[in-house]
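Please look at the model shown here with its sequence. The paragraphs that follow go through its helices and sheets in turn.

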Amino acid sequence: MSERILSISGLRGVVGNGLTPEYLTRFAAAVGTLANQGTIVVSRDGRGSGEMVRHAVVAGLIATGCRVIDAGIATTPTCGVLVTHLKAAGGIQITASHNPIPWNGLKPFSAEGSVYNQSQGEQLLDVLNNETFNYVPWDQLGTLEIYDDVAGPHIARVLKLVDVPKIQQRKFKVVLDCNHGSGGVATPRLLEELGCEVVVLGGTADGQFAHTPEPLKENLTSLCDEVIKHNADAGFAQDPDADRLAIVDENGRFIGEELTLALGADYVLARTPGPIVVNGSTSRVTADIAAKYNCPFFRSYVGEAHVCAKMKQESAIIGGEGNGGVIEPSVGYVRDSYVSMAYVLAGLAASGQTLSEWADSLPQYSIVKDKITCPREQVEAACDALETHFDTASASKGDGLRLDWDDRWVQVRASNTEPIIRVISEAPQETEAQELCAEAMKIVSEAVS
């Protein structure tokens with residue numbers, strides 16, 4: 001059985017087991033067919049398989065008459081920015097995000113520089129599954145160009161968001177954990193332009209991850225130690241394609257991915273009140289921050305495409321996901337660790353607080369996340385069992401199941417990127433959140449066994 005996950009959001013799989021050159025070329029040809037011989041930006045994270053995947057992707061795009069702009073190793077948000085900067089018809093980021101080394105994948109971008117929406121994703125799947133590719137004759141084949149200063153337009157947009165001289169005056173010291181992902185290519189440059197002294201961990205973008213790539217607490221003990229060792233003001237950890245950011249405070253305390261969006265929202269909404277959109281798995285702290293500034297607050301289904309669609313619908317000024325993914329429309333409708341860093345440093349510069357003081361001033365919740373391997377077709381049974389068990393909660397369906405009480409919630413849903421069910425709970429105290437998650441996991445396990 002091949003390990004390949006295909007959805008409207010893109011493609012992920014194990015190289016050589018489902019993710020073959022032939023299939024990669026077909027997927028790229030489907031993107032090229034929808035682009036109608038337009039310009040497509042192609043970039044990749046640092047995985048060792050990236051060069052093979054790149055050649056397959058370029059072949060599919062050129063075969064459908066596209067002009068390909070090769071941006072080399074770059075972050076996912078950089079790919080999105082380049083699409084709009086170059087007025088391209090779309091883009092493809094080659095990445096499997098936080099998946100292990102054997103995995104890789106393709107994340108397509110629309111001409112808006114954002115991931116495909118529902119309609120665009122369905123069109124791509126239709127072309128791919130029916131093999132209605134628009135292969136062109138020899139004299140209409142596309143071209144390949146190399147793009148210089150790949151990160152320049154991205155960094156320029158981010159710097160416009162904040163008071164750069166004020167941040168520079170603080171002369172922050174930052175430990176940056178790129179973990180051998182694409183963030184190593186240009187993130188130090190961004191931080192240096194903000195006047196930071198930067199200690200880089202895993203700065204070579206070769207995909208040889210020094211630790212498990214998802215930026216979770218248990219994977220970032222070395223970053224916590226390095227922040228203390230260097231007496232740094234903050235520690236920043238990126239996932240391999242650098243669209244997500246986790247944060248460590250000056251005491252070496254992991255404050256997590258959930259507070260990345262919360263800190264960004266606290267900074268932005270205090271200065272420019274407006275609507276905010278988060279997904280259904282994001283901490284309640286963002287809702288509290290929106291209420292603090294009397295701002296409209298909305299939840300979308302989980303998934304970057306759903307969040308972006310809801311942000312556009314509600315004219316949100318900021319949004320994102322609780323996995324460390326901040327979305328800033330003025331830079332691009334894509335999760336962006338560069339934006340997150342800029343907003344955190346700007347907030348620290350403006351307030352004079354330490355990172356721990358700022359984090360501790362926000363409403364306090366504990367969020368616990370777990371998962372269980374499970375086919376998607378069994379998710380409904382798990383949801384039904386959970387709703388029956390927790391019959392005093394308010395149930396929200398459509399994206400798995402979310403159950404809410406006055407001060408806590410639990411959600412169960414199928415992952416969009418892995419063959420697993422995710423179970424997430426949140427409560428005021430960590431022990432309460434752990435107990436709620438454990439109880440939900442027990443019910444789910446029994447339902448799908």
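Two strands pair if DSSP finds at least two bridges between them. Helices (H or I, at least four residues) and strands (E, at least two) are DSSP runs, numbered from the N terminus. This is a predicted model, in which local features need pLDDT of at least 70 and side-chain atom pairs count only at pLDDT 80 or more, while totals for chains, interfaces and linings use all residues. Residues are numbered from 1 along each chain as its sequence is written, and side-chain values use heavy atoms, with hydrogens and water left out.

We begin with a pair of helices. The axes of α3 (residues 76-85) and α5 (residues 152-159) come within 8 Å and cross at roughly 95°. Axes here are lines fitted to C-alpha atoms, for helices over the stretch in contact, and angles run from 0 to 180 degrees between N-to-C directions. The two helices α3 and α5 are therefore roughly perpendicular to each other; angles under 35 degrees count as roughly parallel, over 145 as roughly antiparallel, 65 to 115 as roughly perpendicular and the rest as oblique. On the α3 side, the contact is made by P77, T78, V81, L82, T84 and H85, and on the α5 side by P153, H154 and R157. Contact means heavy atoms within 4.5 Å. Sorted by class, the contact of α3 with α5 has four nonpolar, four polar and one charged residues. In this sorting Ala, Val, Leu, Ile, Met, Phe, Trp, Tyr, Cys and Pro count as nonpolar, Asp, Glu, Lys and Arg as charged, and the others, Gly among them, as polar.

Helix α6 (residues 164-170) contains Q169. Is Q169 buried or exposed? Q169 is exposed, with a relative accessible area of 65%. Buried means under 20% relative accessible area, exposed over 50%, and partly exposed in between (1.4 Å probe, protein chains only). Q169 and I69 are 100 residues apart in sequence, and their C-alpha atoms are 38 Å apart in space.

Next comes a sheet. Strands of a sheet pair through backbone hydrogen bonds, either parallel or antiparallel. Five strands form an open sheet with mixed pairing, in the order β10-β9-β11-β12-β13. Its edge strands, β10 (197-201) and β13 (254-256), each pair on one side only. From one strand to the next, the twist averages 25°. Within this sheet, β9 (residues 173-177) and β11 (residues 234-238) pair in the parallel sense over four bridges, and V175 stands opposite G235 in β11.

Helix α8 (residues 221-229) lies across β9, β10, β11, β12 (245-248) and β13, and runs at about 155° to β11. Which residues of α8 are buried? They are L223, C224, E226 and V227. Seen down the axis of α8, these residues fall within an arc of 165°, so they line one face of the helix; the arc is that of the directions from the helix axis to the C-beta atoms. The buried residues of α8 pack against β9, β10, β11, β12 and β13. On the face turned away from the buried side, α8 carries the exposed residues D225, I228 and K229. After α8 comes N231, whose phi is positive, near 50°.

Helix α9 (residues 258-271) lies across β12 and β13, running at about 75° to β13. A second sheet is also in contact with this helix: α9 touches β14, β16 and β17, and its direction makes about 175° with that of β16. That open sheet has four strands in the order β15-β14-β16-β17, with mixed pairing. Each of its edge strands, β15 (297-300) and β17 (325-327), pairs on one side only, and the twist averages 20° from one strand to the next. Strands β14 (residues 276-279) and β16 (residues 318-321) pair in the parallel sense over three bridges, with V278 having G320 as its bridge partner in β16.

An α-helix has 3.6 residues a turn, so residues three or four places apart point the same way.

Strand β19 (residues 394-397) pairs with β20 in the antiparallel sense over four bridges, and the bridge partner of A395 in β20 is L403. β19 and β20 form a hairpin with three residues between them, and G398 in the turn has a positive phi of about 125°.
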